[in-house]
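Visitor: I would like to learn how to read side-chain features in a protein model. Please take me through some of them.

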Protein chains: 2
Amino acid sequence: MRQTDRRTHHLGREAIHTYWDHALPPALTVAPGDTVVFDTLDASYGRAARQVQEQPGDLDPALVSLIAAGSYTTPPNAGNGHPLTGPVAVAGAAPGDTLVVEILDIEPGLWGWTASPAGIGLLSDELIEPAGHIWDCRNGRSGLFAPGIRVPLAPFCGVMGVALAAPGRHPTFPPRPTGGNMDIPQLTAGATLYLPIQVKGALFSVGDVHGAQGDGEVSGTGIEMEGTATLRFGLQKGRAIRQPQFRTAPQVAMVPSPYFAATGHDHDLREAAREALRGILDYLEQEHHLPRSRAYLLASTCVDLRISQIVDAPNWTVSAFLPLSIFTGSAA
Amino acid sequence: MRQTDRRTHHLGREAIHTYWDHALPPALTVAPGDTVVFDTLDASYGRAARQVQEQPGDLDPALVSLIAAGSYTTPPNAGNGHPLTGPVAVAGAAPGDTLVVEILDIEPGLWGWTASPAGIGLLSDELIEPAGHIWDCRNGRSGLFAPGIRVPLAPFCGVMGVALAAPGRHPTFPPRPTGGNMDIPQLTAGATLYLPIQVKGALFSVGDVHGAQGDGEVSGTGIEMEGTATLRFGLQKGRAIRQPQFRTAPQVAMVPSPYFAATGHDHDLREAAREALRGILDYLEQEHHLPRSRAYLLASTCVDLRISQIVDAPNWTVSAFLPLSIFTGSAA
């Protein structure tokens, strides 16, 4: 295909849906090589952004309660799922092929929110006080958590995936071999995602832009926001992969920063991760005087969980890394 | 304490021991502020290095078998554990204090080895062919895996820890709240480790230098080598921590490189990690024509396992990151 044949499309919020179902008609059909600009909604269906525009400050307690109840659903988008934009059919795509998604640009929103929904987060059973924070991201570079604490923006789409071969409606919450709610923070602009195709046309959908998120997303949310994703589609005919794969942007890395890290050692990896996170929350409480429920929110947006070793039986080691560059030392 | 009071000591391989036991007499007693230069042995008790000096090339099959049998033990150091140098008593240290270990320098050996011991690695049940590799690290910057494939050196000590309060001999293999075999690759020169002290004097020991290792250490070994660690000790009286913590060097990060990554999604984190690793091995087989057993060795030294999300029930996501900068494109 010649370069000049490549087209750019736009898909707006009229194409929002809230579950995976290969019976959903495509909102758009594109050719390999085409680019689509997707407008996306956040998991509060825009309510958080609207609320903050009316009354900047802490999250509306009613909204926190809604999120804390574990419901991402609000009329008129019933379905108990993330609002996703799509599906996009890619001409020629067939089961057994691989869909290539080049992430050209992610434009974050001006405001974001983070919450600790009950029953979802890694330590939610210990932190029963639901909390929420509205982030001012209007400078386009970082979100303001508190005077002297800023988290750099590195926006990505929490959900990118294709339809399942299995019929019926599938909830958006769990990720699967077809992708979906993978919440991988390295899928920023410049990265390329590879998804295994299960149905004709692939039927790709996207949503849940996060302005920033740590590996782990420990509270259950990143910096949740509306945003615009510009994605270019390609097709690898006859190349089958088992699970989603990706290539990062050339310079992706941890934030260049010294880190404070805490460790956990347990025969259960999840328990090791919980122990490591407790060490981070202790540190944020003791050294930075943050209430524990607020420390948990902050950690969800910038603390990375890494499996240091998974071989020294019977105890595996998880280390949680907090970038110390978020402490700007000024109240700006 | 005045700067001039700080002393530098040396502890050689005469102080090797192979288990944790607070009844072991200190090989050295130091004051807070003192520095100790430790000579360390690798987990083959120097046999790999001696063998390669006599006959460079692939690992001696007998040595691979020894390692594959899961035994790190060789006379005269019976005890089925890593050879550790120590213990060092720190004057004034008491239970409930925190030991501060500044990692001033890690001098790697000229040669290293990696193996896939049976029954230890993350996919060892699928990769029943034990394999081994000897790394030429004589340039001091990277280890040679194959023509065109070099892994950058970032040496650290796989084992750093203090004695347990519980009496008796404790094996070195599992890490614990007292540290030990934590295998954390970010504990390079410039980092500072904090260890919770359980016994009078702390009784610190160190060993198991790795020239490089990915987060996860998936085959059960990094680039195993002899080495020299220069550590400065400090004491935080009355500060109790639950688990080891650390601060990284200012510029620690992932290797600055684009990455290829593979994902796994499962309700069991270990299974998610296994699936992600399979994706990396598939890639190394298909794109770089490495035999799977060799790909496994390479992955153990440079592939990082990160927990992308641990909240999107019922499936958690682990991503495995392979730095593409290891493919140097030249046979040098």
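Visitor: The charged end of which residue sits over the ring of F321(B)?

Guide: A charge sits over a ring if NZ of Lys or CZ of Arg is within 6 Å of the ring centre and within 35 degrees of the ring normal. Here the residue is R306(B), whose charged end is 5.6 Å from the centre of the F321(B) ring. In chain A, R239(A) lies over the face of Y194(A), at 5.6 Å from the ring centre.

Visitor: What should I know about the model and its numbering?

Guide: The model is predicted: local features need pLDDT of at least 70, side-chain atom pairs count only at pLDDT 80 or more, and totals for chains, interfaces and linings use all residues. Residues are numbered from 1 along each chain as its sequence is written, chains are lettered from A and ligands numbered from 1 in the order in which they are written, and side-chain values use heavy atoms, with hydrogens and water left out.

Visitor: How many aromatic pairs does the structure hold over all chains?

Guide: Rings of Phe, Tyr and Trp (its six-membered ring) pair if their centres lie within 6.5 Å; planes under 30 degrees apart count as stacked, over 60 as edge-to-face and the rest as tilted. Over all chains there are 14 such pairs. One of them joins F204(B) and F233(B), edge-to-face, at 5.1 Å centre to centre with 70° between the planes.

Visitor: Which strands hold F204(B) and F233(B)?

Guide: Strands (E, at least two residues) are DSSP runs, numbered from the N terminus. F204(B) is in strand β14 and F233(B) in strand β15 of chain B, 29 residues apart, and the pair links distant parts of the chain.

Visitor: Is F204(B) buried or exposed?

Guide: Buried means under 20% relative accessible area, exposed over 50%, partly exposed in between (1.4 Å probe, protein chains only). F204(B) has 0%, so F204(B) is buried. F233(B), at 2%, is buried too.

Visitor: Why is the pair of Y259(B) and F321(B) edge-to-face?

Guide: The planes of these two rings are at 80° and their centres 6.0 Å apart, so the pair is edge-to-face. Y259(B) lies in strand β17 and F321(B) in strand β19 of chain B, so the pair ties together parts 62 residues apart in sequence. Y259(B) is buried at 0%, and F321(B) is buried at 0%.

Conventions
Helices (H or I, at least four residues) and strands (E, at least two) are DSSP runs, numbered from the N terminus.
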